[in-house]
Amino acid sequence: MKRHRAITIGLATGALLISACGTAGDGAGGEVLVSAASSLTEAFAEMEAAFETVNPEFDVVLNIGGSSALREQILAGAPVDVFASANTSNMDLVVDAGDVDGELAIFARNRLEIAVPSGNPAGVTGLTDFARDELLIGLCAEDVPCGDYGRQVLQNAGVTPNVDTEEPNVRALLTKVEAGELDAGIVYATDVASTDGGVDGVAVPDDDNVHADYPIAVLADAPNADGAEAFVAFVLSDEGRSILADHGFGLP
Amino acid sequence: MTKQATSRDRRKRRPPVVLVVLAALGLSVFVVPLLGLLARTPWRDLPTVLTSDVVLDALRISVIASLGATAISAILGVPLAWVLARVEFRGRSIVRGLVVLPLVLPPVVGGAALLFALGRRGLIGEPLNQMTGLVLPFSTWGVVIAATFVAMPFLVITVEGGLRNLDPRYEGAAATLGAGRWTVLWRVTLPMIGSSLAAGLALTWARALGEFGATITFAGNLQGRTQTLPLAVFVAMESDRGAAVALSLIMVVISLTVLIVLRHRWWGAI
């Protein structure tokens, strides 16, 4: 349910964000709009619930999407309070635009993994299978962090992939692998874990793998700066860290 | 007397101010976004962007998909409209509801439904794949099917409307004069609903050209195979905003041109 709600919110964002402006931030409490990368879907849903238990005066609203799409919304002036990106390059573009006031914090780390449909019907054993023409292969689009990382991993392995689709975010890719429509895709290790057996994971060797750093920041124009800082502090706290660890994220 | 009459006529002819203001606001809903687009258009880079591989590939796929969807809609949609307009049967209102459902359904839901039905593991897709080796998702055919799903209702409802407004006595007269059923259909019915048919085809084509949600969900996104203009815009929004704006501009120009050229028929039917 949580996941569906988050996705719905993500889809409606373009229209909603513009009109939601100015409702939050009256004194302590109120709505905190958190734009978070798709790979954080479950972890941040739990984070939201735990944060609101401790701070009932705040109402966290999650805006989930590909980090590059979230970045564009922020650059276009969406009234977002917190940005949690799946890579540093999207965050850097926001910082460069002067949209971040305080400092960045790396709050989580992730690894890449090959996702295959449950039971691995195509017999995928590693990155070299991504060059096989007869398989249906998916990657994230180039500007989405998982797409950038995925291509790095393939390059490290010296594999030129035979790609059949470039999905707009990691969860769209994961869904198509889970449905059995794609034979393999490169996603985060945490995504494979999140499906509870809906997909199987094939490990990417350490030599080829990359570390995905997840930065988080309070935005300069945050309508609810107090709420934003409280939420970021919670993510970086022991309780926040243990939630991230539960979902398979590495901790810096 | 005469003077009074003229002034009353004039007043009658002048539209109420409130209506004009509201109408202008209504128009601004359509015009303001276009102005935003024009303001951001990188005019100097336009020739380079418009002749890039991404744009030409997307244009090609969009032309194939929108014309393919319109053709399939014409072949299947006109008979469907005819049955709905002329044949009394139980459950006709349910069938009509099913036909217009894609108009109100979010396209992404349509795309997911298509994936579960026609995907490699889908209800029909799986046996189809086993028998023929055909895989519809991630193929240009998939793009055509997604576009047909969202666009065909426009053809069916427009043509059905035209058929219901057609006086059946014309067809009756032709039949009395010895014309067979096919002759009546080709020589009387279809020509007489010509304007509805043209409007339906134009709307269908326009909807197919703009299709996004069902396409990316069902057919995926790959340059040169499944990436249509709307998908290319979506991807470019996150990487190269100038290209996104240029692509959007092409879509506006193409759509507007076609709709203006067809406007006489359009007004005639709706």
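Which hand does the link of A:Cys140 and A:Cys146 have about the S-S bond? With -100° about that bond, the link is left-handed. This is a predicted model, in which local features need pLDDT of at least 70 and side-chain atom pairs count only at pLDDT 80 or more, while totals for chains, interfaces and linings use all residues. Residues are numbered from 1 along each chain as its sequence is written, chains are lettered from A and ligands numbered from 1 in the order in which they are written, and side-chain values use heavy atoms, with hydrogens and water left out.

**Chain A overall**

- Chain A holds nine helices and 10 strands, where helices (H or I, at least four residues) and strands (E, at least two) are DSSP runs numbered from the N terminus.
- Of the 252 residues in chain A, 55% are buried; buried means under 20% relative accessible area, exposed over 50% and partly exposed in between, with a 1.4 Å probe and protein chains only.
- Among contacts (heavy atoms within 4.5 Å) in chain A between residues at least 6 apart in sequence, 78% join residues at least 24 apart.

**The disulfide**

- One disulfide is counted over all chains, a disulfide being a pair of cysteine sulfur atoms within 2.5 Å.
- The disulfide joins A:Cys140 to A:Cys146, with an S to S distance of 1.8 Å, and both A:Cys140 and A:Cys146 are buried.

- In α9(A), residues 238-246, the buried residues are A:Gly240, A:Ile243 and A:Leu244; they lie on the same side of α9(A) because they cover an arc of only 95° around the axis, the arc being that of the directions from the helix axis to the C-beta atoms.
- The face of α9(A) turned away from its buried side carries the exposed residues A:Asp238 and A:Asp246, whereas the cover over the buried residues includes α2 (41-54), β4 (105-110) and α8 (225-236) of chain A.
- α8(A) and α9(A) pack at an angle of about 60°, with their axes 4 Å apart; axes are lines fitted to C-alpha atoms, for helices over the stretch in contact, and angles run from 0 to 180 degrees between N-to-C directions.
- The two helices α8(A) and α9(A) are therefore oblique to each other, since angles under 35 degrees count as roughly parallel, over 145 as roughly antiparallel, 65 to 115 as roughly perpendicular and the rest as oblique.
- In this pair, A:Phe234, A:Val235 and A:Leu236 of α8(A) meet residues of α9(A) that include A:Asp238, A:Arg241 and A:Ile243.
- Just after α9(A), A:Gly248 takes a positive phi of about 90°.

- Most residues other than glycine have a negative phi.
- A:Asn120, which is not a glycine, has a positive phi of about 45° and is placed in the loop between β5 (112-117) and β6 (137-140) of chain A.
- A:Asp196, which is also not a glycine, has a positive phi of about 55°, is placed in the loop between α7 (189-194) and β9 (199-203) of chain A, and counts as exposed at 73% relative accessibility.

**Chain B**

- Helices α11 (residues 194-210) and α14 (residues 241-261) of chain B pack at an angle of about 175°, with their axes 11 Å apart, and are therefore roughly antiparallel to each other.
- B:Gly68 lies in α4 (residues 53-86) of chain B; B:Gly68 and B:Ala208 are 140 residues apart in sequence and 9.2 Å apart in space, C-alpha to C-alpha.
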